[in-house]
Amino acid sequence: MPIALITGASSGFGRAIALKFAEHGYDLIITGRRKERLNELEEIIRNTYETRVYSVLFDVRDSEAVATELNALPHDWKLIDVLVNNAGLAQGFSTIQEGNIEDWDVMIDTNVKGLLYVSRIVLPWLIQQGKGHVINMSSIAGKEAYSKGNVYCATKHAVDAISKSMRIDMLPHGIRVTAINPGAAETEFSLVRFKGDAERAAQTYKGFKPLVAEDIAEVVYFAASRPPHVVLNDITITPIAQASPAYFYKEIS
Ligand code: NDP
Ligand code: 8X3
């Protein structure tokens, strides 16, 4: 069975991607910080699909924990075919002059450094196998900036650049690199961004039909299931009501 390692599988895109890959016969390494969420997903997958699941708990911002936990995987679990670097978040929504420095640190440490820490451990394993696929979760915010998105947009622009560089670095090793750039998708993303304010989070998706996690999971699996000589480099997905990070057609009643 092929193996997929999915970071941030305790919620949203990561959870849906894990379920999609399980449906297609992948064994799964699922990671996140919330143990109960991973346990629950593990149980659903075990009860629904004939696939093996391995949960690994770590904070992607902690480079030592990332290295220790991933290096502790049993040898046969290190034969990873697909790495989905999905863990990430936005925290806060304000102008730079009013920005919260702790929020900036969390976003930069998670979205940029965390993705690098995981990749630093897993890429040598893929290189040793001479095959593999890395799928980095960027964002439409990695293509264009929007008002009060400054640091989140910067982190996703960094993911965009890292994906391009990674593709070049992996060229001699036959390893595919894909960047996925979703627009507005209703997950726990806005709840996290607005620090638990459910009403404010819900406003984000008012007046149009947002993407759902399964829409992204479908695309991630599609990219992973192309013939080995084909690489989908960069995929931007928005709801039909969204043309850019800030340009929406909303029908507010
Ligand atoms: P969710 O909040 O639903 O899921 C985020 C996931 O990331 C959770 O599983 C969370 O796990 C994990 N995560 C966050 N911080 C850390 C950390 N420090 N260490 C380990 N895991 C962490 O949001 P989405 O599913 O929407 O987001 C997934 C990715 O997609 C993110 O990179 C986000 O930036 C990106 N994205 C989201 C869009 C959207 O509109 N929803 C659009 C474009 C991109 P836990 O809390 O258990 O650690
Ligand atoms: C999440 C999408 O447009 O809210 O990356 O930044 S957006």
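1. In this predicted model, a polar side-chain atom of Tyr152 lies 2.6 Å from an oxygen atom of ligand 2, a polar contact in the sense of a pair of N or O atoms within 3.5 Å (within protein, one must be able to donate a hydrogen and the other to accept it, and residues adjacent in sequence count only if both atoms are side-chain atoms). An N or O atom in the side chain of Tyr146 is likewise placed 2.6 Å from an oxygen atom of ligand 2, and for Ser139 the distance from a polar side-chain atom to an oxygen atom of ligand 2 is 2.5 Å. On its own, ligand 2 has 240 Å² of accessible area, of which the protein covers 85%; accessible areas come from the Shrake-Rupley method with a 1.4 Å probe, and for residues only the protein chains shown count as cover.

2. The basis of these values should be kept in view: the model is predicted, local features need pLDDT of at least 70, side-chain atom pairs count only at pLDDT 80 or more, and totals for chains, interfaces and linings use all residues. Residues are numbered from 1 along each chain as its sequence is written, chains are lettered from A and ligands numbered from 1 in the order in which they are written, and side-chain values use heavy atoms, with hydrogens and water left out.

3. Which residues surround ligand 2? They are Ser139, Ile140, Ala141, Tyr146, Tyr152, Phe189 and Arg193, where a residue is near a molecule or strand if one of its heavy atoms lies within 4 Å of it. By class, this shell has five nonpolar residues, one polar and one charged, with Ala, Val, Leu, Ile, Met, Phe, Trp, Tyr, Cys and Pro counted as nonpolar, Asp, Glu, Lys and Arg as charged, and the others, Gly among them, as polar.

4. Ligand 1 has 31 residues around it, of which Ser10, Ser11, Arg33, Tyr152 and Thr187 come nearest. The shell comprises 13 nonpolar, 12 polar and six charged residues, and at least two of its residues come from each of helix H1 (12–23), helix H5 (150–170) and helix H6 (189–193). Helices (H or I, at least four residues) and strands (E, at least two) are DSSP runs, numbered from the N terminus.

5. The polar contacts of ligand 1 involve both side chains and backbone: an oxygen atom of ligand 1 is 2.6 Å from a polar side-chain atom of Thr187, another entry places an oxygen atom of ligand 1 at 2.9 Å from an N or O atom in the side chain of Lys156, and a polar backbone atom of Gly88 is 3.5 Å from an oxygen atom of ligand 1. Taken alone, ligand 1 exposes 870 Å², and the protein buries 96% of that.

6. Most residues other than glycine have a negative phi. Lys148, in the loop between strand S5 (132–137) and H5, has a positive phi near 65 degrees, while Lys195, in the loop between H6 and helix H7 (198–203), has a positive phi of about 55 degrees. Lys148 counts as partly exposed because its relative accessible area is 37%, and Lys195 counts as exposed because its relative accessibility is 52% (buried is under 20%, exposed over 50%, partly exposed in between, with a 1.4 Å probe and protein chains only).

7. Helix H4 (residues 101–129) holds Asp105, and also Ile108 and Ile121. Ile121 counts as buried because its relative accessibility is 14%, whereas Asp105, at 41%, is partly exposed, and Ile108 is partly exposed at 35%. The C-alpha atoms of Asp105 and Gln91 are separated by 9.7 Å, at 14 residues apart along the chain.

8. Asp62 belongs to the loop between strand S3 (53–57) and helix H3 (63–71), and its relative accessibility of 37% makes it partly exposed.
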